[in-house]
Structures are given as structure tokens and as C-alpha cells.
Amino acid sequence: MLRSLSKFFAIIWQSPSGRVSLVICGICVGIAVFGPLLAPYGPTERIYDDAGKLVRLSPPTLDHWLGTTLLGRDVMSQMLWGARPALIIGVLTALGTVIIGVNIGLLAGYLGGHVDNFLMRLTDIFLGLPFLPFIIVLLSLTGQNIWTIIFAMMIVMWRSTARIVRAEVLSLRERQFIAAAKTTGASDFDIIYKEIAPNIMPFALVGVTFALAWAIITEASIGFLGFGDPNVVSWGTIIYDAYASQMMYRAPWWVVPPGIAIMILVTSVYFIGRAYEEVVNPRIKQAG
Amino acid sequence: MRQFLIKRTWHALLTLFVMSTVMFFMFRLLPGDPTATVISPALYPKAQEALKAQFGLDKPLFEQYLIYLRNLVLLDFGISFHTLRPVAGEIGNRLINTLVLILPSMIVAYAIGAFVGAMVAWKRGSKLEGALVLIATALQSTPVFWLGMLAILFFSIRLDLFPVGHIVSPGMFPEANLQMYLSLDFLHHLALPFMVNVAYQFCFPFLLMRSTMLSTIGEDYIELARMKGVPEKRILYHHAMRNSMLPLATTLPMILGWAVAGSVVIETVFSWPGLGLLMVEAVGRSDYPVVQAAFLLIAVLTVAGTLFADVLYGILDPRITYQ
């Protein structure tokens, strides 16, 4: 596990675009960890000027580098606070998605027969499921907080990983080392998790990066539609606040930064995934 | 071929059946009483019961489920909690509005994406290629609603070229009819969401076509064609591009599904009265019959798109075996 991870970073570091992307992601992780310490104000703190007046919709100034919101909050501080939920939700969703997807793909591909039929039918059904609409309905019924959002994304997103992993297991299953393991009397469980699973790692890692990119955008979309966790400021909910206040077109400094942050982060995640994919598996094209 | 068609249609129907079942039980079994908005808990118990009976909620769960399935087949989506009118009557126009926005922009995006992707791969290693790959990846990584907001900010507010949202100017067409969809006013409103959608949807076919072309160009038959002295243009269009189209066709259903499902955000930004916006509004009003109907229709569009593309793929690629 650790070895594949260090190999993962080594491979990405070889390509120039991968290197730049890794640095950008590193910066984003840094902001997620230390951002709240660097932020001059709290994410929902209202700022008053010397005369005791609320500093509403101030354009960028030296005090407020990215201006303030309608409720007198500092956009720069919100941006620094907002990285953490975006990344936590993204990373947890990506990991969960891939864990579910890899397991379903392993079981379907290795066991074959009725199990395979059932699991693949299930995957097809999920592939036909309208992604965002389903998540919105689910969130409106379960309530909205970080955990329900992660859960809602996870139970839909595993579908593409499952398919790719299954296809790979189908070909691995016929290899000699599997037959060798069988003759030594290894159980199905051992063969799946000790022999086949390690060979799936590269696919799982590619899956994680693409799922991460997709999860960050989806989290922002959920936030934008007003289904984000109301107690958490994330990049998506900053855009939603601007949109809901109907001031977005008068205060570009409020809407532009969170979008750019998402764009830069997700772009670099995509480039990392691609740099890795090109080396490990030039054949597959994963979409989401 | 016929068997293939039957099998795919059967799968599509099965998918829809499972989805509508999941929808039914999600609303009934998850916490939060969806009926609380119409049947106020403050009413007398007798009145509550009477209302429940009116909506058919007094029957056992399984019987409700059977009635629900029968009604779906009959395209009866119940009565909106909000307008108290039949849902089916309100939803037809929304469906058309979503389709007129999504379908043309998808087709245009696919055509442009495939063509530009092929060209860029043909002249590989150019500066333009690197720049376009970066731009396409960045666009793909941009939340589409934010792209829409920027477009409104720039083209509508700054330059005053397009309306800020909606499908026609208020009061122009009291009723949606063919005349409305053919009017200049409608096209004027369509232009901006259309362009944003094209810009967003363009990335995927572009990147895919480029990478497929790059591997096709390395194939032996391209080399052979060169040696036979086939003109370059002909190699590009007839040999390389044609053979690189297949992955585009396989991914089309998935992308169509994303586009329809993604209409939720783009319609919200542009206040475009389609299914997606209807669903978001209905969720906000706890108007569950409408939410259900809108969701299922979006699902039907997605599944129908998948089916269509599957069949198309079967026709395009003779190597496919129909088992």
C-alpha cells in the first residue's frame, strides 16, 4: 500500500504537468490545514468599520484583499476557511467511492456467474441514475450535513470504478499466478484480496484521482443549489451565498475567487490522474 | 440484431422500474414526513385522516406502491402539493424546454470537440495543442454554474448583449407554443445558456478524440495508406478520423446522461424553466409529487439516451456481437 503510494508520487513527478499539479495540490492541502490559522477573520464573522457600520459589499481593499460580502464578511477569510470542507468532503468521498467500486468489481469479476450478473445489472442501474437530481432528492430527505453529502455522492459514484476494475479482474483471473495460488489451496478470499487486489492498485489510484476531481465539483454544485451543510463555509457555499443574495453581479470579487480556486484545484487533480494513467495504463480511458 | 434490441430495451425498462421503486420507498421510509406541508399536523385528527384518504395515504404501503406503479404507467403523476393541479399537465412543457437546451448544445459540442480534437492530434506537438488541452481540462474542472454566472456577468451585465435569464421576455408569450420556440426572442434567450453548455460539454469529446486519434495515427494501416500514396487529407478524414469515432460513440450515452442530469445547475443559473429547475424549486417547496415526476422524467431521458446510443453503436460497429 505504502509502496504503491510512493511509486504513485514518483511517477507523477516525472511529468512536468504532473509536477506543477502536485505542487498546486500541496498548496491547497496546506491551505486546508493551516488556512483557518492564517485567516484574519472568522468565516461568518461580521466586520464593522471604526464608525461601527457594517462593511457591506466592499470591493477589494488593503484590509480586505478580496472584498466583503453582503453580510459584511471577509471573502479572503472565507476562502481560507472554505478549502478544508471542500477537500475533506472530496477526499473522503473519493476513498469511499473507490473502496466500494473496487470491492464490487473484484467480487463480480472473480466470482462470475450469477453474482457477476447481479452486480453488473446493479452497476448499470446506477449508471442510468441521474447523478445530481438523485443526490438532491436524497439530501432533501436525509437532511444536509457533511456526512449525508459524502454518503449521497458515494453511493452513486462507485459505478464507474466497479466497471473498470471488473474488466481488469476478468483478464487477471486467467493468469498463471492465480491458477498457481488455487493449486496451493488458497481460499477465494485470499486469492481476491492477496493475489488480485494488489494488481488492481494502479486502477484504484486512478479512480481515486478522478473521483476526487468529480467530488469537489459536485460538492460545489450541491452547495450552489442550496443543499450544502448550512453550518459550513466551503467554496461552493460562498458562490451560493453570493447567488442567493442576488448581489453576485454587483460584486464579482465575491463570486470569482471561489470558482477560480475550484477550477485550479480540480484541473491539477485531473492532470495528476492523467499523468499517472498514461504511465500505468495507456489503454484505459476513464471518464468519471 | 432484433434480440439485441429486445434485450437492451428490457434492461432499460428494468432500470426505470428499479428507479421508480427506489423513489417510492425513499419518500415513504426516510425520515422527514413529505406530507407535512399539505397535511398540517395542527389540523384535527379527523381532518388529517380525510386529507390522507384523499391522497390515498391511508392505504397499506404495498397497496400504495401498486397504485403508484399503475399511475406511472398511465402517466398520472398525481396532484401537485403546491398548485393543486395535476402534475402531468405542468411537466410537459418543462420537458421540451430541457430538450431544446440540452440536445442541440450536445450535438454542437460533440461535433466541434471531435473535429478540433482530431485536427490537433493530426498536427501533434503544436503549441496550440498544449494550450487547448489545458483550456479544455480547466473548463472541465470548472463548476458549470459558475461559468454561467461569469457569462451573465460579462455578456449580459457588462456588454448588455443577452438577457440575464428566463426563456422569453416576460409577457411576450402567455402560452408556450411552437410560435414561441420559433421566435427571435426565444433564440435570444437561448443563446447564452447554449454557449455555456457547449463550452462545458466540448471538453470531453475533444480530449477523448485527441487521445484516440493519437493512438490511431500510430496504427499500421495509416502507414500503409501513406505508402500507397493516399492523399493526406483522405487519410485524415477517411482512415484516421473515422476509426477514431467509436470511443466517442460509446461514451455518448454516459455524457448525454450527465448533460441531462447536469441541466439542474445550468437551468438554475439561467432561470431556464426546464425539468431541472422545476425539480430544484419543487424540492424547495416540499412539493413531492412534482419532485418525483421530474426526477423520473430526467431518469427516463437518461435511460432513453443510453438505449439510443447503445443501439447506434451496435449499428456503427459491425464487430459487436449480439448475444
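Visitor: How do the residues lining the second largest pocket divide into nonpolar, polar and charged?

Guide: They split into 34 nonpolar, 4 polar and 2 charged. Nonpolar here means Ala, Val, Leu, Ile, Met, Phe, Trp, Tyr, Cys or Pro, charged means Asp, Glu, Lys or Arg, and polar covers the others, Gly among them. By the way, this is a predicted model, where local features need pLDDT of at least 70, side-chain atom pairs need 80 or more, and totals for chains, interfaces and linings use all residues. Residues count from 1 along each chain's written sequence, chains are lettered from A and ligands numbered from 1 in written order, and side-chain values use heavy atoms, without hydrogens or water.

Visitor: Which residues lie nearest the centre of that pocket?

Guide: Leu5(A), Phe8(A), Leu95(A), Leu205(A) and Val208(A), out of 40 lining residues.

Visitor: How do you know how many residues of chain A and chain B are in contact?

Guide: Contact means heavy atoms within 4.5 Å. By that rule, 42 residues of chain A touch 49 of chain B.

Visitor: What makes up the side of chain A that touches chain B?

Guide: It has 31 nonpolar, 7 polar and 4 charged residues. The largest share, 12 residues, comes from α10(A), a helix because it is a DSSP run (H or I, at least four residues).

Visitor: How many salt bridges cross the interface of chain A and chain B?

Guide: The rule wants a side-chain nitrogen of Lys or Arg within 4 Å of a carboxyl oxygen of Asp or Glu. Across this interface it finds 0.

Methods. Helices (H or I, at least four residues) and strands (E, at least two) are DSSP runs, numbered from the N terminus. On a 1 Å grid over the protein atoms alone, a cavity is a set of points where a 1.4 Å probe fits but cannot get out, and a pocket is an open set with protein on both sides within 12 Å along at least five of seven lines; lining residues have an atom within 4 Å of a point.
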